[in-house]
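Please read these notes with the model open beside you. Each point takes up one part of the fold.

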Amino acid sequence: MDMSQYLGIFTEESKEHLQSMNDILMKLENSPEDINLLNEIFRMAHTLKGMSGTMGFNNISSLTHQMENLLDKIRNKEIIVNVDVIDLLFECFDELEKYVDQIESNNIEG
């Protein structure tokens, strides 16, 4: 099936999710114990993983899967939210944004 007709929707929704995740992560930075914020980021990462997998964008799918693993460890109290974790998640968001920008510009992840 030709998924190119859905690229615009994919990039638009991906950018919205990434912006929301960034905003929520900034709140989590100030309230590291707020499980609701963590759950919101997890849900958006899961959605982005599913969308990218459906579209065949394996880099995004793989990175969001790894983010889910990290977020799940935080939810299970195996890892605590600290500056390093926050920075790592921001780096993930930056990489995801680069992938989405490449898709928007060139129809490929890069």
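**Notes on the model**

1. Phe42 is placed in helix 2; helices here are DSSP runs of H or I with at least four residues, strands are runs of E with at least two, and both are numbered from the N terminus. Phe42 is buried, at a relative accessible area of 15%. Buried means under 20% relative accessible area, exposed means over 50%, and partly exposed lies in between, with a 1.4 Å probe and protein chains only. Leaving out residues up to four places away in sequence, Phe42 touches Glu68, Leu71, Asp72 and Arg75, where contact means heavy atoms within 4.5 Å. Between the C-alpha atoms of Phe42 and Gly53, 11 residues apart along the chain, there are 16 Å.

2. A word on the basis of these notes: this is a predicted model, in which local features need pLDDT of at least 70 and side-chain atom pairs count only at pLDDT 80 or more, while totals for chains, interfaces and linings use all residues. Residues are numbered from 1 along each chain as its sequence is written, and side-chain values use heavy atoms, with hydrogens and water left out.

3. The protein chain has four helices and zero strands, and its elements run α-α-α-α from the N terminus on. The C-alpha trace spans about 45 × 20 × 20 Å along its principal axes. A compact globule of 110 residues would have a radius of gyration near 13 Å, and the 14 Å of the protein chain agrees with that. This radius is taken over C-alpha atoms, and the globule rule is 2.2 Å times the number of residues to the power 0.38.

4. Of the 110 residues of the protein chain, 41% count as buried. Among contacts between residues at least 6 apart in sequence, 66% join residues at least 24 apart.

5. Helix 2 (35–55) has 21 residues and reaches 30 Å from its first C-alpha to its last, close to the 30 Å expected at 1.5 Å a residue. The expected span is 1.5 Å times one less than the number of residues. At the start of helix 2, a side-chain oxygen of Asp34 comes to within 3.0 Å of the backbone nitrogen of Asn36. Just after helix 2, Gly56 has a positive phi of about 85°. The buried residues of helix 2, which include Leu38, Ile41, Phe42 and Leu48, pack against helix 1, helix 3 and helix 4.

6. Which residues of the largest nonpolar core touch the most other members? They are Met21, Leu25, Leu28, Ile41, Ile60 and Met67, out of 33 residues. Such a core is a set of buried Ala, Val, Leu, Ile, Met, Phe, Trp, Tyr and Cys residues joined through side-chain atoms within 4.5 Å. Helix 1 (7–30), helix 2, helix 3 and helix 4 each supply at least two residues of this core. Leu25 touches Ile41, Ile86, Leu89, Phe90 and Phe93, not counting residues up to four places away in sequence. In soluble globular proteins, nonpolar side chains tend to be buried together.

7. Ser14 is in helix 1 and is buried, with a relative accessible area of 0%. Its side chain reaches the backbone oxygen of Phe10 at 2.7 Å. Apart from neighbours within four places in sequence, Ser14 is in contact with Leu48, Met51 and Val100.

8. Helix 4 has 24 residues that should span 34 Å at 1.5 Å a residue, and its end C-alpha atoms are 34 Å apart, which agrees. At its start, a side-chain oxygen of Asn82 reaches to within 3.0 Å of the backbone nitrogen of Asp84. The buried residues of helix 4, among them Ile86, Leu89, Phe90 and Phe93, pack against helix 1, helix 2 and helix 3.

9. Two residues other than glycine deserve a look for their backbone angles. Lys77 has a positive phi near 60°; Lys77 lies in the loop between helix 3 (58–75) and helix 4 (83–106), and is exposed at 69% relative accessible area. Asn107 has a positive phi of about 65° although it is not a glycine. Asn107 is in the segment after helix 4 and counts as partly exposed, at 49% relative accessibility.

How values were computed: A polar contact is a pair of N or O atoms within 3.5 Å; within protein, one must be able to donate a hydrogen and the other to accept it, and residues adjacent in sequence count only if both atoms are side-chain atoms.
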